[in-house]
Amino acid sequence: MGWRSQDEALSRLSLKNPWHFLALGFGSGLAKKAPGTFGTLAAIPLYLLLSPLPLVWYLLATLIAVFAGIYICDRASKDMGVHDHGAIVWDEVAGLLITMIAAPAGIVWLVAGFILFRIFDILKPWPIRVLDARVHGGLGIMADDVLAGLFALCCLQGLAYLFAG
């Protein structure tokens, strides 16, 4: 059973359940080390699928990922009996999609967005840390990563302004 036998909370989830599958970032949240980083990596194919869309459709898909994420993360958290378990990484998926809004095309910009998002998600500068500590449930799980994504988005757009255009 591997991951199930090592973590009682994870034993309550099933990758066959679509809500759990999404909450676990398509299974990437089951990584033993750095599940948030693996969850962000799992977001890259989704970003690459969405990036050719017109901006309005990309924004709509990102909003759906965020608002659905509130339910997805809340459901998985309740099913696990643990608030914001490290394996729940849908918030990282949504955070990367936010970071990459209107990003210039190219691997350099994707890597820069990935790094910026991970920095803000890991360090949690004010007010991200406040949201992480005070807001609970699915909204709380999503809120800090949405804000980290917005901070990373602003930095990435600043870099794009300076270097791409």
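Tutor: Gladly. The structure holds 5 aromatic pairs. Rings of Phe, Tyr and Trp (its six-membered ring) pair if their centres lie within 6.5 Å; planes under 30 degrees apart are stacked, over 60 edge-to-face, and the rest tilted.

Student: Why is the pair of W19 and Y71 called edge-to-face?

Tutor: The ring centres of W19 and Y71 lie 5.0 Å apart, and their planes stand at 80°, so the pair is edge-to-face. W19 sits in helix α2 and Y71 in helix α4 (residues 55-80), 52 residues apart, so the pair links distant parts of the chain. Helices (H or I, at least four residues) are DSSP runs, numbered from the N terminus.

Student: Where do these values come from?

Tutor: This is a predicted model: local features need pLDDT of at least 70, side-chain atom pairs count only at pLDDT 80 or more, and totals for chains, interfaces and linings use all residues. Residues are numbered from 1 along each chain as its sequence is written, and side-chain values use heavy atoms, leaving out hydrogens and water.

Student: What makes F26 and W90 a pair of the edge-to-face kind?

Tutor: Their ring centres are 5.9 Å apart and their planes are at 80°, so this pair is edge-to-face. W90 lies in helix α5 (residues 90-99), 64 residues from F26. Ring pairs also link F21, F26 and W90 into a cluster.

Student: Is W90 called buried or exposed, and why?

Tutor: Buried means under 20% relative accessible area, exposed over 50%, and partly exposed in between (1.4 Å probe, protein chains only). W90 has 7%, so W90 is buried. F26 has 33%, so F26 is partly exposed.

Student: Why does H20 count as buried?

Tutor: The relative accessible area of H20 is 5%, so H20 is buried. H20 lies in helix α2 (residues 18-23).

Student: What makes V111 partly exposed?

Tutor: V111 has 41% relative accessibility, so V111 counts as partly exposed. The place of V111 is in helix α6 (residues 107-123).

Terms used: Helices (H or I, at least four residues) and strands (E, at least two) are DSSP runs, numbered from the N terminus.
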